[in-house]
Every structure is written in structure tokens, then in C-alpha cells.
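Below is a short briefing on one chain.

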Amino acid sequence: MADSANKGKRPSGRKLAQAAGRYSGGRAGSAGGDPLPVAARPAGGSGSSGGRGGTTSKTPKAPKKRSGGGRNATERRRLINYPRAGKGPIMRWIPGWRFYLGAFLLFIIAVVGTFVVAYAMIKVPEPSEFAQAQTTTVYYADGTTKMGEFSEVDRTIVDTSTLPDYVGNAVVASEDRSFYSNNGVDPRGIARAFVNNMRGGGLQGASTLTQQYVKNYYVDTTSSYGGKFKQAIMAIKIDREMSKKEILGSYLNTVYYGRGAYGVEAASQAFFGHSASDMTVSEAALVAGILPAPSSWDPAINPDQAKERWQRVLDYMLEDGYITQDQYDSASYPETVSSQNTETYSGPTGYLLQIVRSELQDDAGLTDEQIDTGGLNIVTTVSKDDQDAAVTAVDNLPEGHSDNLRTGLVSIDAKTGGIVALYGGPDYLTNQINSSTEAVAQAGSTYKPFALIAGLEGGLTLANGYQGVSPMDVEGTTFRNFQNAQFSWADLITATTYSVNTPYVQLNRDVGPDTTNEVAQRAGYPEDTIGMESNIQNVLGSASPHTLDIATAYATFASQGTRRDTHIVSSVANNSGSVSYTPSTDGDKVFDDGVMADSTYAMQQVVNSGSGDTARSLGRPIAAKTGSSSDNKSAQFVGYTPQIATAVTLYQTGEDGSEESITPWGEYDEITGSTYPADIFTEYMQTALKDLPVEDFPDRTAESYQRGSLNGTSMPVEDDYAPAPQPQPTQRQAPVPTTAPQPRTEEPDDEQPPVDNEPTAEPTPDRGDGNEPPGQTAQPPQNGGGQDSPTKPGGNGSGGEVVPNNPGGGADKPGELERRAEQQQGGPQKNNRN
């Protein structure tokens, strides 16, 4: 009956599974199934029916298995119940609370994970070069007087622990009042900036000092959110690694305060004219208050806003306990200095700074970046007093000269090679051509001592000489002394004292022009000097050196033959005081002591009795040489003591920059080496020598009183040029008259001996300098004056080294007797400056 009741019904769900398990082994013919229990088997056999007369028992059929699981898969719960089952047409699309909770938790996990990964991966980088950039300061030779600065930014990093506490706390009160309590970031500040930016306001950054410090010191300024996140991570790290005091100190040294000043030290100098260590509470509050907009809120631009910000900071400082009530009550609005917009290279000092910069690059091996950002301390060789004296001496030239007149002056310490003063022009910003180191001018007769030294090295002595008549033909070129002054004989002292051209041309012919040039190069002339040619007239100064080159060569003479590298940098040190560069001052011995003693003796006579007598007013031994070029396009005076050598050059340029003759002005009809160049030299040297002891030059050598030979070849002597005796006229006997006097058949010879044009003078022993050998007295100047003696208006002579057009000019008022070879018919060109 049960079977009948259940007939046609199909078990489902769990019952189906149980049934399937219970009867899985009783299926007829199922492979591998266990046999049904004996009690469940039909009696009489295993078939579906018993014996013919037996009871028949029907075995239930196993349910059929549905392909693919069917309804079972449909009934299972979905992993993501969306759209939600069992909900209405609208609600089924709205996520449930579990979804929101899960999403929130997932977001928190993502944020925390991102932060952890970022914190592990983001490293604090090396400080940016800009943040570390400091001003390089250049000092005069005393090491304390500032000459100028090199900088990309005006910053001087200081130890902020030496500053009053209120200097840093003023910034904290103004910029980040939570500085001492936050962990490097301010979540509220970040949220505030985010909301502001989303609303379309101006982009805002984080507000903590630590984050601003990170931005200024480590990474470039950025307003992107990625950059802000990176800065925040680094700020947290830095806050954990550094103390608040260290962070604040670094911030004070990097932040921009306005007026081009980076860091608190530069700011204090820019606003108040003194160091940050001397700042008052009021001053600290003022510079801290304008930090958000230092250029717009500068007291000089917006005094009302600046004062409002100053008061705000004072209030916060009192409220936060950084100052006392007494300090608050006594605070008054501070006065600021005028904004100084000084140019680094302005005025004559600009030329010095440019030379310093070039030397740092060429000799010290520094790059522009190292110079401009390294915070170096550069001490130069330039004396402040001497430099001021050089500028003053040039400025004291009388008014009336051409606007195109240029002046160069270089003064060198002969014992070190250091430049003690240099004048390159009135203002570097208006003319970048340094008249002492870049412009060139013909050397004129300042070149003659090189031939003199070449002769002395070859075996000649000061007693050797040459005929000094004018004009004179030498190797096909006609040369003249100034105003055709005549010297039947001039030893090397006389030829140097009066700068006589023709003897020096003959000397140069004998020693060789190349030898003269080689001596000039040993002394200090560059090998590539313009116009340094290999012809006999090069001795008259066709080469065009810089004034610096002339001073260098004569500094070699002053040091008695030791050539030192001329330099302007004495030392380079970093801001901690470690010296990284000093130049060598040893030098090389390039000339023999005896040669230097004799050549110096000859040049001393230029001052004692020649064209350089202006310098005698210095009251100490001076050796010198004057020089003027073709057509008076340049004029030089160069002289030295055993301590200092100084060269002065005047030249004039045309409107197109080409050289032109110096326009005479003032008390001189002609501008030569013995005029204004000698005046400038003498005025300057009065200051340069005032604190130096008087030193004597070495005596001339004993051998210099006897004539020598040149490389074994005998040289001419004075007797070789003595005029041949002329027959004296005789009185003929008149015949004895007879009846009447007989007429004369021959006129008496009225011819007189030729008269030499050489001027003469009686010996005057007081013209010597005390170096003559026993029993010998120095000879006076044969022509009564130096060859470069100036002539004032109305005189009958002409100072300088110009070949006059009238060859018959006398020597009663000689000039400098040194000019180029004058072009003759078919002859070579005279030496004009290239």
C-alpha cells in the first residue's frame, strides 16, 4: 500500500540525495555496486520474478540522473547578489549596507597599504643644489674688506643655534603654530587645501614648516597632488629623523624673504643692514610676517600691509608664549634700510671681479656653478688702499681730454707676482673691454730694454756703444732720432737714458731681432703678442702687448730676473675655512743677477737724468722707461722698485673702435710717456710705496765699466767714429814786391773743420748716482734733457717719440728720440701699429 501511495511521486532535495545513496548499490546491472542486502532480495532468486507459483516482489527503480545538475545549480545562493534577488524593481538595483561597509573597509585597507608601500619606497633625496647654493664672497688682500660677490642667489648659511630664539619662533607663530606638536603634516591643512582646490580656488599647498622645508630643500617646487603626497611622506620621515630645532634652522636658511635674499642672514642684511644675530623681536616679527608674499608686502612697497602682518605675528608670539608681555609692550615698528640694487660688476671694481672669475676658472679649475653657488671665500692680492689710489690717480687727469681716451694701470708685487692694483676702466657695465688686460697698444720704447738685456747676455757691457747720428741708414731702412738729435757716440747707458733710436737699432741688428723677442717672452710677454715681428725695427716697439704684459715683464726686472706668474687670487676657501687653492709664487730664474743689475742701473738713469725725472719726487731708487708709439697712438710709463712694478698706458680709440692719435690737452702740446703717464705713475706710487721700506737696487757690475764683445766679436768703439783730421789753412808767403805789388794767384783756404752737431755740456759731478767707480764721475746728459721731456704750449720742442718732418731740427729741447723707421723713397714701411 505504501508503494501504491508513493507511486508516481519523486523524491527531491536532500531526500533525493539520500535515496540516491541508499539505493545506489541495488541497481540491477550497475557496475561495481555493492549487492543489496539479503533481506532486500526477492525470495527464490535474483530475477525479477519468482517461480511460477511464488509471490512476486517488485524492485523500485532508481531515479534518473538529470544532466548538468539542473535545478540544483539554480537553487544555490549567488556570490554577488546584484541585482538583489527578492527585491522590487527599484530596490533590487540599490546596494545593501553590506556593500557599503565592504567598500569602506576595502578603501581603508587600500589607503593603509598604499601608505605603507609609499613610506617604504620613498626615500629622502639629497638636498637640491638650489637650496644649498650660497654666495661666494671676494675680499681684498686683508681678507676682511669685501670687494664683491658671485651668486645665483643671495644666501649665507649660518648656524641658527647662535640666533636668538625669537627669530625662529616668529616664523613658527606666523607660518605654523602647530609646528612643535604636529608630526610633519597637518591633516586639516591638507583637507583644507583639497577642498579649496576642488572649489576652483588658487592652488594651495600644505601649511607645515616641515613640508615647506622639504619643498625648498629637497625637491623642486610643485603643486601637483602627486608631488604633495611625496612631500608629505618625506615630511613625516624627516620629522622622525630630525629634531624640531634642526628642521626650523634649516628652514630659516632656505626660505625666501624678499629683496633677493634667501635665508635669514641675507634677509637681515637686506632689510636692516646687520647680521641676523643682531635682530630684535620687532625685526624678527616683521620679516616673518611678510613671508607669504615678501615682494608684495615689502615695507618699502606696501607699508600698511607690512605693519599689519608685523602686529599679527607679535600677537601670536605673545599668545603662544614666545615673548613676554614686557617684550610685547616695548616692541615698536622697525625701520628698514633702502633696498640696495647694486650691480656686482659696476664701476672699476667690476674689472677686478671679472679677472678673479677668469682666474678661478683657468687656474683653480672651478666651474661657474661652483663659483656662483659654492659659498666660497676668495681672498685676492689687491690692496684696497692701492686700488683706491690707482682709481684716484686716473680720475685726477685734467679735464678736456677726448671722450675716447682710455687708461690702463697694472701694479704688481715683484716678490710674489700678485696684482696689488689694476685699473681697467671707469665702469665695467658700460664697457666690458679691460684696458689693462684685453686692449693692446704699441709698446714703444718700453721694448728697448729687451735688446739691452740681449746684448748684456751676449757679452756686451754698459760701456759698449754705437754712433747716434740721425738720420742713419741701417740695412736699407732710414731711422731718425727725435728732432734729428745728434750723438756722435752713445754708450748703452746714454742710449737708454735718452732713448736714442739709432744706437738701439744697431744693437738690435747685432744681437738679432729674434733674440730680442725671446728676451721679451722670457720676461713675461706672451708668445702670440700682436706685432712681435722679426725685423730690426722691432726694438722700437712695434709689438702691441697688454699693459698687464708690460707690468709683468718689468716685475721680472724688479725681482732681479725671477719670473713669477702674475695672479690676482691669493686663496680660495670654503665656508668652513678649508683652503682649496693657492697659487705658486716661487717663480723661475730667467735672467742672471749681473745682467739685471746692469740693465736696472741703465734704467735708473732714465729717472735720475732722463725723460722719467718726474718720478724722482718719490725719493727712492726707481728704474723706469718711457714709451710712445707711432703717431702718438699710445703712451706708456713703466717703472719699478725692488718691491713693486707699475705700468701705465694711455691710448685713444676712434668712433669705430680703431686706434687714433691721442688728442693733446691740458699743459702738454703732445702726449708722450713722460707726460700724463708719468704723472699717474708718480701719484699712484706715492700711496703704493708709503708703507714699504726704501730698498736699493744691486750695484752695477765691475765688468760693466770695460767694453765687452758680443759672442766673441769685437764691437765698435768711439774712436771708430771720430772725424778724420782736416788740413788746416796755411798762410802763404807773399812774394817780395819788386816795383809794384803783384796780384794774388790763389785765394786762401777758408774751409773750417766740420762741426759736430752733438750738444755738449760741462761735467757736473752732482748728476751721478753714487755708483760710479772710484775716480770716475757720471757724465751729464749730452743734450740737456731727456728724450721724452714734455714741452708746454709755446715751447720750441716737442715731447714724445715722433719723427719730425723737418730733419734739421735741433736737440736743444729734445723729445724722447724714439720713433719708427720713416719710410723713404723705395724704403720699407715705418712700423705702424697693426
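The points that follow are grouped by topic.

The model is predicted. The chain has 24 helices and 20 strands, and 47% of its 834 residues are buried. Of the contacts between residues at least 6 apart in sequence, 71% link residues at least 24 apart.

**Nonpolar cores**

- In soluble globular proteins, nonpolar side chains tend to be buried together.
- The largest nonpolar core of this chain comprises 79 residues. L360, F450, Y525, Y554, F557 and Y640 have the most contacts inside this core.
- Helix α22 contributes the most to this core, with eight residues.
- One of the residues with the most contacts in the core is F557. Apart from neighbours within four places in sequence, F557 is in contact with P449, F450, I453, A523, F591, M596, T600, M603 and Y640.
- Another core lies apart from the largest one and has 50 residues, including A232, L248, Y257 and A285.

**Cavity**

- Rolling a probe the size of a water molecule over the atoms shows where empty space is left.
- The structure contains one cavity of 30 Å³ or more. The volume of the largest cavity is about 60 Å³.
- Its lining consists of I412, D413, A414, G417, T552, A555, T556, S559, T562, R564 and T566.
- Two elements, β7 (405-413) and α22 (547-558), each give two or more residues to this lining. The largest share, three residues, is from α22.
- By residue class, the lining of the largest cavity has three nonpolar, six polar and two charged members.

- How many residues of strand β17 are buried? Six of the six residues in β17 (residues 623-628) are buried, so the strand is largely enclosed by the rest of the structure.
- In a regular strand the side chains alternate between the two faces of the sheet.
- In β17, A623, K625 and G627 point one way, while A624, T626 and S628 point the other way. All of these residues are buried, the charged K625 included.
- β17 runs antiparallel to strand β18 (residues 634-640), and six bridges join them. One of the bridge pairs is G627 with Q636 of β18.
- The two strands, β17 and β18, form a hairpin with five residues between them. In the turn, D631 has a positive phi of about 60°.

**Helix α20**

- Helix α20 (residues 501-511) is mostly covered, with nine of its 11 residues buried.
- The buried set of α20 is N501, T502, P503, Y504, V505, Q506, L507, N508 and V511.

**Three-stranded sheet**

- Strands of a sheet pair through backbone hydrogen bonds, either parallel or antiparallel.
- Three strands in the order β3-β5-β4 make an open sheet with mixed pairing.
- Its edge strands are β3 (154-155) and β4 (256-258), each of which pairs on one side only.
- β4 pairs with strand β5 (residues 261-262) in the antiparallel sense over two bridges. In this pairing, the bridge partner of Y256 in β5 is Y262.

**Backbone details**

- The peptide bond joining S470 and P471 is cis, with omega about 0°. P471 is placed in the loop between β9 (465-468) and β10 (472-474).
- R259 is not a glycine, yet its phi is positive, at about 55°. This residue, R259, lies in the loop between β4 and β5.
- Is R259 buried or exposed? R259 has 18% relative accessibility, and the cut-off for buried is under 20%, so R259 counts as buried.
- E475 is another residue other than glycine with a positive phi, near 50°. E475 is placed in the loop between β10 and β11 (477-479).
- The relative accessible area of E475 is 57%. Exposed means over 50%, so E475 is exposed.

How values were computed: Residues numbered from 1 in each chain as written. Predicted model: local features only at pLDDT ≥ 70, side-chain atom pairs only at ≥ 80, totals over all residues. Heavy atoms only, no water. 1 Å grid on protein atoms, 1.4 Å probe; cavity = no way out; pocket = protein on both sides within 12 Å on 5 of 7 lines; lining within 4 Å. Points joined across faces, edges and corners; volume = space filled by probe spheres on them. Helix = DSSP H or I, 4+ residues; strand = E, 2+ residues; numbered from the N terminus. Core = buried A, V, L, I, M, F, W, Y, C linked by side-chain atoms within 4.5 Å. Buried < 20%, exposed > 50% of the residue type's maximum accessible area, 1.4 Å probe, protein only. Contact = heavy atoms within 4.5 Å. Pairing = 2+ DSSP bridges.
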